[in-house]
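This briefing sets out selected features of one chain, grouped by topic. Please consult the sequence and the model shown below while reading.

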Amino acid sequence: MPLFHPSGRAGVPTGFPVRTLESIKGAGQWSMSDRRYLQGLCRDRNVRRPAWRTSLSEGAVSGGGLHFTGERHGMSHGCGRTRWKRFALVLVPSTAAAAALGIGMAQGALAASFFISGERFQFAADTLTTRGTSIYGMVDVTREGRHVPVVVTGARHATIERLCESVAVEIPVLGLYTLRITGGDRAEARDIFIDATTLTAGQATLNNLDVGVAAGSITEGPIAPGDRNSGFFDPNGFAQQATSATLTDVRVNAVAISAATLSVPDLRVTVRQGSHRCF
């Protein structure tokens, strides 16, 4: 049974019909008369637009106007109007988060290229020959925010003979498994960067070597763009460079390797139970 507001308060004219929530909830859904009633409110520009939500789990008729609330969908509509205050409440935190992310990357709080997993893996080669070589210190960051100091060896071009990469992972229930990647006689890479915690070689020959050059003044070898823009990169820090280098019996414990291109002949990837590391 419709009710009639006696006073016309809150922009509702005297005698304007207001549906009770009980009548709508009792039906379990919007009836055609309820839809026409609400559409009539939206078309009447002289009547204050009511607000309602798409679900009617709870509600009330209050203040002389119509006000339905619901919690199931959490959506609010107002006869075609944009709720600017509510829109701002949603937009501002998202914008602030995006701005903080950009500032964090600019200040080096986040790695601009990628977060490392923190898992150390092995990289080995019978011979590593490079042209345009750079060596400098850096700090990599895991997703959890843990800092891992590394020595970065960069090369504009590298030739890798008998490539091997491996990582051993403890899998719950199954135990220890090793992922191993091997290549043929001559893999080639362009703009390669090896982030290492240790690097050893049976023999190392470096040509036109500069030791103690400022990291920001390196000209022979590359600096990774993500490193150069990082707050952890010290342009006045200690570094080395060489026009070329040849290392034999290379053994590296690394946390990351990146390259613009890597071409590997006779590539083989295996996963085997137990420990099958490169060294």
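A salt bridge is defined here as a side-chain nitrogen of Lys or Arg within 4 Å of a carboxyl oxygen of Asp or Glu. The model is predicted, so local features need pLDDT of at least 70 and side-chain atom pairs count only at pLDDT 80 or more, whereas totals for chains, interfaces and linings use all residues. Residues are numbered from 1 along each chain as its sequence is written, and side-chain values use heavy atoms, with hydrogens and water left out.

**Salt bridges**

- The structure holds three salt bridges.
- Arg186 and Glu188 form one of them, with their closest N and O atoms 3.3 Å apart.
- Accessibility is classed by relative accessible area: buried means under 20%, exposed over 50%, and partly exposed in between (1.4 Å probe, protein chains only).
- Arg186 is partly exposed at 48% relative accessibility, and Glu188 is also partly exposed, at 32%.
- Arg162 and Asp185 meet through their side chains in another salt bridge, at 3.0 Å from N to O.
- Arg162 lies in the loop between strand 8 (147–161) and strand 9, and Asp185 in the loop between strand 10 and strand 11 (187–200), so this pair ties together parts that are 23 residues apart in sequence.
- Helices (H or I, at least four residues) and strands (E, at least two) are DSSP runs, numbered from the N terminus.
- Arg162 is partly exposed, with a relative accessible area of 42%, while Asp185 counts as exposed at 53%.
- Asp191 and Arg190 form a salt bridge in which the closest N and O atoms are 3.6 Å apart.
- Arg190 counts as partly exposed at 40% relative accessibility; Asp191 is partly exposed as well, at 27%.

**Strand pairing and the hairpin**

- Two strands pair if DSSP finds at least two bridges between them.
- Strand 7 (residues 121–141) and strand 9 (residues 164–171) pair in the antiparallel sense over three bridges.
- Ser166 in strand 9 is the bridge partner of Gln122.
- Strand 9 also runs antiparallel to strand 10 (residues 175–182), to which eight bridges join it.
- Glu170 stands opposite Leu176 of strand 10.
- Strands 9 and 10 form a hairpin with three residues between them.

**Positive phi values**

- Val173, in the loop between strand 9 and strand 10, has a positive phi near 75° although it is a residue other than glycine.
- Asp191, which is placed in strand 11, has a positive phi of about 50° and is not a glycine.

**The aromatic pair**

- Rings of Phe, Tyr and Trp (its six-membered ring) pair if their centres lie within 6.5 Å; planes under 30 degrees apart count as stacked, over 60 as edge-to-face and the rest as tilted.
- The structure holds one aromatic pair.
- The rings of Tyr136 and Phe233 have centres 5.9 Å apart and planes at 85°, so the pair is edge-to-face.
- This pair links distant parts of the chain, with Tyr136 in strand 7 and Phe233 in the loop between helix 4 (225–228) and strand 14 (238–263), 97 residues apart.
- Tyr136 is buried at 2% relative accessible area, and Phe233 is buried at 8%.

- Asp227 is located in helix 4.
- Asp227 is buried yet has no salt bridge; Arg228, the nearest side chain of opposite charge, is 9.1 Å away.
- For charge, Lys and Arg count as positive and Asp and Glu as negative, while His and the chain ends are not counted.
- A polar contact of 2.8 Å joins the side chains of Asp227 and Tyr136.
- A polar contact is a pair of N or O atoms within 3.5 Å; within protein, one must be able to donate a hydrogen and the other to accept it, and residues adjacent in sequence count only if both atoms are side-chain atoms.
- Leaving aside neighbours within four places in sequence, Asp227 is in contact (heavy atoms within 4.5 Å) with Tyr136, Met138, Val152 and Phe233.
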